[in-house]
Amino acid sequence: MRKASSVDKGARADGPFGSRHQRVSFLHGLQPPPAACDDTRDPTFSPTTILLSRSRPGEMPQIARFAWTALYWNVAVVLWGAYVRATGSGAGCGNRWPLCDGDVVGASAKGRTIVEFTHRITSAISLLMVTGLVVWCWRVTKKGDWARYSAVLSAAFLANEALLGAALVLLKHVGNDQSAGRILFLCLHFGNTLLLLATLSLTAYWLSNGSRSFTLIGKWRQVISIGLGLLATISTGVTGAVSALADTLYPATSLPSSLAQDFSSGTPALLRVRLLHPAVATVAACYVLWVILRSSTGRNRFSPAAIALIILLFVQVGIGMTNVLLLAPVWIQIAHLFVADALWIFLVLASADLVLEPALTRPACALASVVKEGGKR
């Protein structure tokens, strides 16, 4: 009886978590891998399991799939918009928006009217999908999750996209219009499109892997160099949109005549701007390739997004050269834009992987240091 009494006293003294040795052993089991506390991130350590365990069963995979579907749909809408511009169908519905001035069904319907009205219908569906994504994302994520904020930005960029498209129609910057206003709105429209695709791709990616709370790495030179690469890519896309407009308004009959037209003294200003795109694209491609190689080599690993990005860079250069040699047929323009969109998405994902680190690594390291100090006492 005395032995049992002494055991009970010892258990009460140790508390509900057992002895001091047991408590230290339990805390040691919560420590992250040593690499998680280093300056270089270990790709094997991720809070994915922790975050997904808080979500309701089956909801996160479903919303991730829906986010990727919204991204793919918006890429298709962008490509259809390029087809509208390349075929001169922007004025197919007149200067009315969002309604259409003309028949879209029946024998009296015109091809350009159908093309333009279809683009408006697909854009409206895109708006509904992104709005649903925002509502769903806020319901299944918690405060501090970057996915919900990127989803809200996606909705904001999509709304701005609709306003810019409406401005192009209402101000009659469609068809054969060659004004500076059309060029300005076209640049703003395409730049906004890239930001829309960037936020949608980040939302889908963060919802898929579960790591949705981040901090910026402390290597500012690397952050600035990657940011410059993103800006260079946006500049390439904007000059490409202007070049595509020039190809539409001033179609060439042969390569020699096209080059002669570009360098002629009386050539329109729009054709002179077209010469900027190959130069900007070459410089931007070389710079982005250098940044990706340098950053990935420094981390001793190439992410899947970085590998896909390198491949797409060379594919895009080849398609661009083919586009010039074949005098910019519509199908090559669409293919060129599709690869450009894919390249931009992979660049955004690779850049995020390089400059962001999961925010949970810091609290975990703090816990590890506390446990380490407790073990020494």
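**Note on aromatic contacts and a surface patch**

1. At 5% relative accessibility, W206 counts as buried, a term that stands for under 20% relative accessible area, with exposed meaning over 50% and partly exposed in between (1.4 Å probe, protein chains only). The model is a predicted one, in which local features need pLDDT of at least 70, side-chain atom pairs count only at pLDDT 80 or more, and totals for chains, interfaces and linings use all residues. Residues are numbered from 1 along each chain as its sequence is written, and side-chain values use heavy atoms, leaving out hydrogens and water.

2. The whole structure holds eight aromatic pairs. Rings of Phe, Tyr and Trp (its six-membered ring) pair if their centres lie within 6.5 Å; planes under 30 degrees apart are stacked, over 60 edge-to-face, and the rest tilted. One of the pairs, W138 with Y149, is edge-to-face, at 6.1 Å centre to centre and 85° between the planes. W138 belongs to helix 5 (residues 111-140) and Y149 to helix 6 (residues 146-170), 11 residues apart; helices are DSSP runs (H or I, at least four residues), numbered from the N terminus.

3. W138 is partly exposed, because its relative accessibility is 39%. Y149 is also partly exposed, at 36%.

4. W146 and W206 form an edge-to-face pair, 5.7 Å centre to centre with 75° between the planes. W146 lies in helix 6 and W206 in helix 7 (residues 180-209), so this pair ties together parts 60 residues apart in sequence. With F214, W146 and W206 make up one aromatic cluster.

5. W220, located in helix 8, counts as exposed because its relative accessibility is 56%.

Technical notes:
Helices (H or I, at least four residues) and strands (E, at least two) are DSSP runs, numbered from the N terminus.
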